[in-house]
Amino acid sequence: MDISLIIRVAGIGILVAVASQILNKSGRDEQAMFVTIAGIVVTLMLLISEIGALFDLVRSVFGM
């Protein structure tokens with residue numbers, strides 16, 4: 001796991017939080033929800049390879 005991945009996830013989280021707060025304050029609650037969901041999807045797409053590596057490691061440890 002690389003530190004740049006952690007920084008990218010934190011950056012996405014900060015951007016999504018700021019955008020969501022701005023949209024909520026301006027009365028666009030639905031768009032704020034879509035921004036939040038899009039941030040979660042982008043973050044999961046960044047982490048999917050790491051999650052796969054974790055599952056491979058668990059399989060190899062338990063001999064499955």
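A search of the whole structure turns up one salt bridge. This is a predicted model, so please keep that in mind for everything that follows.

I'll take that salt bridge to begin with. It joins the side chains of R59 and D56, at 3.6 Å from N to O. Both residues sit in helix α2, three residues apart, which is about one turn of the helix. In general, residues three or four places apart point the same way, because an α-helix has 3.6 residues a turn.

Now the helix itself. α2 runs over residues 29–62, which is 34 residues. After α2 comes G63, with a positive phi near 70°.

Next, the buried side of the story. Which residues of α2 are buried? A32, G39 and T43 are. The cover over the buried residues of α2 includes α1, residues 3–25.

T43 is in helix α2, and it counts as buried because its relative accessibility is 15%, with the cut-off at under 20%. The T43 side chain reaches the backbone oxygen of G39 at 2.8 Å. G39 is itself on the buried list for α2. Setting aside neighbours within four places in sequence, T43 is in contact with V9 and I12. The range given for α1, 3–25, takes in both of those positions.

From the other helix, I picked S20. S20 is found in α1. At 11% relative accessibility S20 falls under the 20% cut-off, so S20 counts as buried. Which residues does S20 touch, leaving aside neighbours within four places in sequence? Those contacts are A32 and T36. A32 is one of the buried residues of α2. How far apart are the C-alpha atoms of S20 and A32? They are separated by 4.6 Å, with the two residues twelve apart along the chain.

Definitions and conventions
Residues are numbered from 1 along each chain as its sequence is written. This is a predicted model: local features need pLDDT of at least 70, side-chain atom pairs count only at pLDDT 80 or more; totals for chains, interfaces and linings use all residues. Side-chain values use heavy atoms; hydrogens and water are left out. Helices (H or I, at least four residues) and strands (E, at least two) are DSSP runs, numbered from the N terminus. The expected span of a helix is 1.5 Å times one less than its number of residues. Buried means under 20% relative accessible area, exposed over 50%, partly exposed in between (1.4 Å probe, protein chains only). Contact means heavy atoms within 4.5 Å. A polar contact is a pair of N or O atoms within 3.5 Å; within protein, one must be able to donate a hydrogen and the other to accept it, and residues adjacent in sequence count only if both atoms are side-chain atoms. A salt bridge is a side-chain nitrogen of Lys or Arg within 4 Å of a carboxyl oxygen of Asp or Glu.
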